[in-house]
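This report covers pockets and salt bridges. Please look over the sequence and the structure before reading on.

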Amino acid sequence: METLTPAQIAAFEAVLARVTPEDRARLHGLKDAAADAAAASAPHWDFDQPGHRAEEALQAVFGEALTDDHRRALVAIWALEMPARVPAADLPTAVLELYPEWIGRLADFLTAGADPYDRDFWAKDVRIALVLSVPGARTQMIDLSSPMGPGQILRHAREGWGWSVIPAYAAAQAWKPWLEVHTESRELSDFNEAGWDRAWATAAEILKRRPEMAGMLGSSWFYDPPLEQISPRLAYLRLNPLKHGAFMVHQGPGDIHTQRAATSSPTRAALIETGEYTARSWIVAWPRAALIKWADARKAAEMRQAA
């Protein structure tokens, strides 16, 4: 991506113009330090950390006068700088070809100016605008650095979920940084098997340029094994990676997993209500060698079908 379109530039500049000239000057004054702080926090296991650092920078300057217009304006400033940030990240074509749509959606969302600025959307927009996360498919975004420490592996084993995860962790050299996939709930058209295959394949292309990385992981309630019977349409999310070399790590139940599992399914909601199902979060970790092998075979099959 070398340039933004004139329409995208105009949209981001219009978002910035919603704050006063004095406030625009303040935003330009804080943007670089805030970006540096956000980038420094990005490898943390908490996806929201860059958004928190950006929020702290805004609070320090604007205090109680801070509004969502300031937040949107800061994201717009960073979005206008993306033509420099994206090439610096050395991303494959599989990512670059997705940027026009993702940037267009970001411009539309900021222009719409919904209040309040949803905290999950804020976290995602900060990461996308700073190229800390990148497009993986239409629905999936990929963090460029995420940890998987040995503590959760040992906890998985000690709590009775299986000891085979320890040699799998060692074989993957999983103490190295990972890519991590997230769902963008504002665009769910690729939340299907083909879309997830595209996201995993995009990750493989990123990994080819980043030999220091262990692979890609995902963390969610929708990898929970009981869903194979409860919600069989979601089984591919877990089974497809496992068939091709991924391994799983139990994380546990939690209110957020219960809420998310119940929201989109009356069946799951009823089972949760009666106590027949407890939603649990799992990590699916697909090591680099196995993921690249699968992605290359997928690409070769697509080429044969097209010939």
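Is arginine 72 buried or exposed? At 3% relative accessibility, arginine 72 counts as buried (buried means under 20% relative accessible area, exposed over 50%, partly exposed in between, with a 1.4 Å probe and protein chains only).

## Basis

This is a predicted model, in which local features need pLDDT of at least 70 and side-chain atom pairs count only at pLDDT 80 or more, while totals for chains, interfaces and linings use all residues. Residues are numbered from 1 along each chain as its sequence is written, and side-chain values use heavy atoms, with hydrogens and water left out.

## Salt bridges

The structure holds 25 salt bridges (a side-chain nitrogen of Lys or Arg within 4 Å of a carboxyl oxygen of Asp or Glu). Arginine 72 pairs with aspartate 69, with 3.0 Å between the closest N and O atoms. The two residues are three apart in helix α4, so about one helical turn separates them (helices, H or I of at least four residues, and strands, E of at least two, are DSSP runs numbered from the N terminus). Aspartate 69 is partly exposed, at 27% relative accessibility.

Lysine 31 is buried at 12% relative accessibility. Its side chain meets that of glutamate 81 in a salt bridge of 2.7 Å, N to O. Because lysine 31 lies in helix α2 (residues 21–41) and glutamate 81 in the loop between α4 (68–80) and α5 (82–88), the pair ties together parts that are 50 residues apart in sequence. Glutamate 81 is partly exposed, with a relative accessible area of 21%. Lysine 31 also bridges to aspartate 32, the closest N and O atoms being 2.8 Å apart; aspartate 32 is partly exposed at 43%.

## Largest pocket

The largest pocket has a volume of about 1,600 Å³. A pocket is an open set of points on a 1 Å grid over the protein atoms alone, where a 1.4 Å probe fits, with protein on both sides within 12 Å along at least five of seven lines; lining residues have an atom within 4 Å of a point. The volume is the space filled by probe spheres set on the points.

Its lining has 46 residues, and His182, Ser219, Ser220, Ile256 and Arg260 lie nearest the centre. Helix α8 gives the most, with six residues.

## Second largest pocket

The second largest pocket has a volume of about 190 Å³. Its lining residues include Pro92, Arg198 and Glu302. Two or more residues come from each of α6 (93–96), α11 (193–209) and α16 (288–306).
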